[in-house]
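Subject: Structure for your review

Hello,

Here is the structure for you to look over. My notes on the salt bridges and helices follow below it.

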Amino acid sequence: MKNAINNESKLKIAELLKPILADQFLLYTKARNYHWNITGNMFFTLHIKFEELYNELALDVDETAERIRTYGLNAPGTMGEFLKLSALKEEAAGNYPDQFNMAEKISDDYDFLASRINEAGLKVQKEFGDEITAGKLYGTAERYQKHVWMLKSLIEKK
Ligand SMILES: [Fe+2]
């Protein structure tokens with residue numbers, strides 16, 4: 001069939017999704033950390049927002065992991081693998097940024113992830129002709145861009 005994605009391509013695409021899964025898992029953990037440890041006058045807003053975000057990320061990691069499985073690879077599933085594969089940085093243990101910095105850091109991570117996912121989407125689309133995976137990636141990147149806008153708007157000082 002024309003445009004069918006061969007197995008070799010599927011494995012390469014799955015490999016490409018691994019660092020995205022790791023980033024999503026790291027961001028999930030960071031949003032939980034901030035949800036638990038935020039203090040300040042934006043407590044209620046951000047405490048709830050971070051919860052919304054980690055709940056969404058919990059669904060996202062599942063989507064990405066199961067896409068990796070669909071294309072024939074095992075999904076990374078240990079903290080060690082996630083830390084090795086992710087480009088995002090965690091806080092040092094016991095280090096809690098102030099509420100503005102928490103929102104900014106989460107926003108910056110979403111911004112980075114949206115770019116990384118868009119780049120992966122382009123590769124998947126152009127190199128492998130896999131519109132289905134590309135479409136999923138673009139949809140995720142679009143949502144993440146919206147989170148960047150909202151978080152940036154919350155902390156804008158004017
Ligand atoms: Fe909670």
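A salt bridge here is a side-chain nitrogen of Lys or Arg within 4 Å of a carboxyl oxygen of Asp or Glu. The model is predicted, so local features need pLDDT of at least 70 and side-chain atom pairs pLDDT 80 or more, while totals for chains, interfaces and linings use all residues. Numbering starts from 1 along each chain as its sequence is written, and side-chain values use heavy atoms, without hydrogens and water.

The whole structure holds 11 salt bridges. In one of them, Asp 23 pairs with Arg 116, with the closest N and O atoms 2.6 Å apart. Asp 23 lies in helix 1 and Arg 116 in helix 4, so this pair ties together parts 93 residues apart in sequence. (Helices are DSSP runs of H or I, at least four residues, numbered from the N terminus.) Asp 23 is buried, at 0% relative accessibility, whereas Arg 116 is partly exposed at 25%; buried means under 20% relative accessible area, exposed over 50%, and partly exposed in between, with a 1.4 Å probe and protein chains only.

Glu 56 and Arg 143 form another salt bridge, at 2.9 Å between the closest N and O atoms. It links helix 2 to helix 5, across 87 residues of sequence. Arg 143 is partly exposed at 27%, and shared partners join Glu 56, Asp 60 and Arg 143 into one network.

Glu 8 is exposed at 54% and Lys 12 partly exposed at 44%.

Regards

Key
Helix = DSSP H or I, 4+ residues; strand = E, 2+ residues; numbered from the N terminus.
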